Protein chains: 2
Amino acid sequence: MTENDRGISQAVVSRLPRYFRYLGELKDEGVERISSQDLSELMKVTASQIRQDFNNFGGFGQQGYGYNVEYLYREIGKILGLDRIHSYIIVGAGNLGRALGNYLNFERRGFLLKGMFDQNPRLIGGSVRGIPVMPMEEMDRFVRENAIEIAVLTLPKASAVEVADRLARDGIKAIWNFAHVDLNLPEGIQVENVHLSDSLMKLSYNLTRYSKEQEEK
Amino acid sequence: MTENDRGISQAVVSRLPRYFRYLGELKDEGVERISSQDLSELMKVTASQIRQDFNNFGGFGQQGYGYNVEYLYREIGKILGLDRIHSYIIVGAGNLGRALGNYLNFERRGFLLKGMFDQNPRLIGGSVRGIPVMPMEEMDRFVRENAIEIAVLTLPKASAVEVADRLARDGIKAIWNFAHVDLNLPEGIQVENVHLSDSLMKLSYNLTRYSKEQEEK
């Protein structure tokens with residue numbers, strides 16, 4: 001949703017985490033250098049795509065004999081902001097909220113869960129990894145006092161818009177939105193949507209189209 | 001990941017569920033007709049994008065005075081395969097698996113949850129909406145006997161690749177993959193990835209870039 005005004009398209013940005021993931025695996029396997037050709041085969045994208053993507057960030061000094069894996073991993077990590085600590089809250093402590101709160105991977109990447117919020121009295125007072133679930137009335141003060149950067153919205157659509165507006169007023173910097181609605185927030189608040197139903201429908205489209213093609217054969 | 005060989009790009013396909021969502025809301029609000037211009041303002045995409053997207057499917061007969069909302073909603077639903085029933089299982093009955101199993105919206109769209117599987121003895125024998133969590137050993141027979149179309153993988157990365165290979169042999173048609181790994185499956189098996197960490201990193205990139213820009217000002 002966020003349009004980049006620095007000439008780096010969101011399509012490129014979307015591919016960075018995948019590079020980061022593959023480079024992390026290579027690093028863990030002890031690989032020190034990799035050519036764009038080998039990386040291309042591994043990731044099933046063209047070598048020229050890789051070079052083009054990397055050129056957006058100065059090219060990372062490929063020297064003919066390939067990229068330094070550790071260096072590239074670290075540099076892409078920096079570009080992704082993973083060299084900083086980001087505090088976040090989860091609003092909506094249902095199954096999905098708790099699932100996200102339990103992902104230790106996020107913690108490892110520097111995303112620190114500071115609190116969870118819900119309006120359901122049966123969930124309030126509970127906790128995930130020791131992080132308490134607090135009532136919605138306490139959210140605004142908590143966000144302001146703790147300078148929370150990111151809010152994860154795992155709420156029903158009906159309340160998500162209002163909660164997002166509140167968070168905007170509280171000074172939130174980014175919203176990771178799982179509610180099935182598009183948010184309209186002031187410029188400067190980054191929004192990343194995960195519309196799970198949209199993803200399932202895309203799968204359904206491809207499944208249906210393929211089935212029809214097979215039937216026609 | 002799936003490449004379409006019929007000239008309709010996955011970028012267009014990715015936008016269809018969003019059209020479907022907005023048209024469903026318009027329909028629920030009693031709107032009968034909408035011009036591409038009004039739809040454009042509502043959805044914040046250009047009217048020419050909308051017309052181009054729809055032209056991939058024959059244009060849906062816009063008549064100068066706009067699209068028939070109900071008709072367009074129904075037609076896009078058909079294209080997305082939502083006029084068919086799709087059976088699915090969830091492999092991995094942790095928080096995320098249970099969250100997805102509880103989404104009644106999927107059921108409403110014709111996606112019927114038939115079973116859940118896990119290897120954790122504490123989860124086996126439990127249930128979500130009356131759907132039992134069964135042991136992993138029973139998965140292959142269950143998929144074959146019930147002609148399951150879709151498997152949702154909410155498993156750790158380490159076991160996802162092996163389980164996906166098993167499902168491929170069992171005749172699964174599509175995999176909705178939440179495991180943080182890319183699957184390499186035989187052609188004809190549709191895969192839709194939801195890599196949550198990638199999405200969070202994209203948010204982190206936009207957040208970091210924006211903060212840096214503000215600091216530089």
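Begin by selecting the strands of chain B: seven of them form an open sheet with mixed pairing, in the order β5-β6-β4-β3-β7-β8-β9. Strands here are DSSP runs (E) of at least two residues and helices are runs (H or I) of at least four, numbered from the N terminus; two strands pair if DSSP finds at least two bridges between them. At the edges stand β5 (127-128) and β9 (190-193) of chain B, each with a single partner strand, so one side of each has no neighbour in the sheet.

This is a predicted model, in which local features need pLDDT of at least 70 and side-chain atom pairs count only at pLDDT 80 or more, while totals for chains, interfaces and linings use all residues. Residues are numbered from 1 along each chain as its sequence is written, and chains are lettered from A and ligands numbered from 1 in the order in which they are written.

Next, select β7(B) and β8 (residues 174-177) of chain B, which pair in the parallel sense over four bridges. Within this pair, L153(B) has N177(B) in β8(B) as its bridge partner. Contact requires C-beta atoms, placed from the backbone, within 7 Å.

Move to N146(B), in the loop between α7 (139-145) and β7 (150-153) of chain B. Is N146(B) buried or exposed? N146(B) counts as exposed because it has 12 C-beta neighbours inside 10 Å (20 or more means buried, 12 or fewer exposed, and in between partly exposed, with C-beta atoms placed from the backbone). Leaving aside residues up to four places away in sequence, N146(B) touches S87(B) and K114(B).

Then bring in chain A and select its helix α9 (residues 196-216), which lies across β3 (86-91), β4 (111-118), β7, β8 and β9 of chain B and runs at about 170° to β9(B).

Finally, show the whole contact, which takes 45 residues from chain B and 45 residues from chain A. On the side of chain B that touches chain A, α9(B) gives the most, with 14 residues. By class, that side of chain B has 22 nonpolar, 15 polar and eight charged residues.

Definitions and conventions: Contact = placed C-beta atoms within 7 Å. Axes fitted to C-alpha atoms, helices over the stretch in contact; angles between N-to-C directions. Nonpolar A, V, L, I, M, F, W, Y, C, P; charged D, E, K, R; others polar.
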